[in-house]
Amino acid sequence: MRLSVWIFILKFEFSPSARINAEHIGREAQPVIIIDDAFHGAQALVDLATRVQFTPIGPYYPGIRAQIDKTFTQSLSDAIQPYLHVHLGIKKPTWIGDCFFSMVTRRPEDLTPIQRLPHYDGIEENRIAIVYFLCDAKHGGTAYYRHLSSGFETISAERFGGYKDLLESEIHESGLPPPRYIGDGAPLFARTKVFDAAFNRMLIYRGSILHCSATESMPTFSADPEVGRLTINAFLNPI
């Protein structure tokens with residue numbers, strides 16, 4: 001039986017064999033932290049995902065999610081703080097946010113208009129996004145983009161209004177992208193970087209970066225956590 005209300009019994013702790021690197025992407029040279037062999041109990045997370053209740057959450061994510069409790073979210077934010085300081089220059093003692101099991105289950109022909117475009121997770125300067133792969137490379141990865149006409153790779157509070165107006169004007173003139181996953185981003189965007197999925201790999205980056213799941217060649221849209229594109233996604237804000 002799947003549980004709709006549940007207690008998360010695990011805390012996040014980095015594996016002793018975790019390999020931590022950072023890469024600066026695009027013309028804006030935004031840092032992305034890449035951590036391989038990240039968690040000491042990755043398979044236990046997959047096992048737990050088979051016992052929780054997934055549902056659609058919000059209009060943007062093309063699939064289903066299950067919220068993870070605050071204990072895990074806090075332990076995750078505590079664990080990554082040293083790397084946020086070193087690689088992103090962010091030193092904050094306390095974070096709040098949400099953390100989810102996520103599965104891409106929507107087929108390309110069923111994508112809504114907003115799901116056919118790169119997105120950003122917030123315009124706050126230090127909002128952090130995390131994607132942690134509990135699946136392998138055949139399930140794609142995460143891709144990052146540049147908006148061609150503006151040159152923007154991140155959307156800040158200062159850029160938000162102009163970017164929104166320009167993108168709406170372009171879509172009004174040329175129409176929405178067809179119902180498919182984004183791929184190279186043409187004609188309105190260009191892909192600047194893609195990091196492949198790998199089991200137990202974590203990516204950490206500012207939520208203001210234009211990005212999307214790289215799922216255009218994914219072989220299955222299964223809702224089974226042991227078969228489909230299972231990730232943990234977290235969105236954190238400093239307080």
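Predicted model: local features only at pLDDT ≥ 70, side-chain atom pairs only at ≥ 80, totals over all residues.

Modeller: Let's start at Ser-77: leaving aside neighbours within four places in sequence, Ser-77 is in contact with Trp-95 and Leu-236. Ser-77 sits in helix 2, which runs over residues 70-88. Its relative accessible area is 2%, so Ser-77 is buried, given that the cut-off is under 20%. A polar atom of the Ser-77 side chain also lies 2.9 Å from the backbone oxygen of Gln-74.

Now for the nonpolar packing. The largest nonpolar core has 37 residues, and Phe-101 and Met-202 touch the most other members. Several elements each supply at least two residues of this core, among them helix 1 (42-49), strand 4 (95-104), strand 8 (201-206) and strand 10 (230-238). Helix 2 gives the largest share, six residues. As background, nonpolar side chains in soluble globular proteins tend to be buried together.

There's also a second, separate core of 15 residues, which includes Ile-25, Val-131, Tyr-205 and Ile-209. Tyr-205 is worth a stop. This residue belongs to strand 8, and because its relative accessibility is 3%, Tyr-205 counts as buried. Again leaving aside neighbours within four places in sequence, the contacts of Tyr-205 include Pro-31, Val-32, Ile-128, Val-131, Tyr-144 and His-211. Gln-30 is 175 residues away from Tyr-205 in sequence, yet their C-alpha atoms are 8.0 Å apart in space.

Definitions and conventions
Residues numbered from 1 in each chain as written. Heavy atoms only, no water. Helix = DSSP H or I, 4+ residues; strand = E, 2+ residues; numbered from the N terminus. Buried < 20%, exposed > 50% of the residue type's maximum accessible area, 1.4 Å probe, protein only. Polar contact = N/O pair within 3.5 Å; in protein donor to acceptor, adjacent residues only side chain to side chain. Contact = heavy atoms within 4.5 Å. Core = buried A, V, L, I, M, F, W, Y, C linked by side-chain atoms within 4.5 Å.
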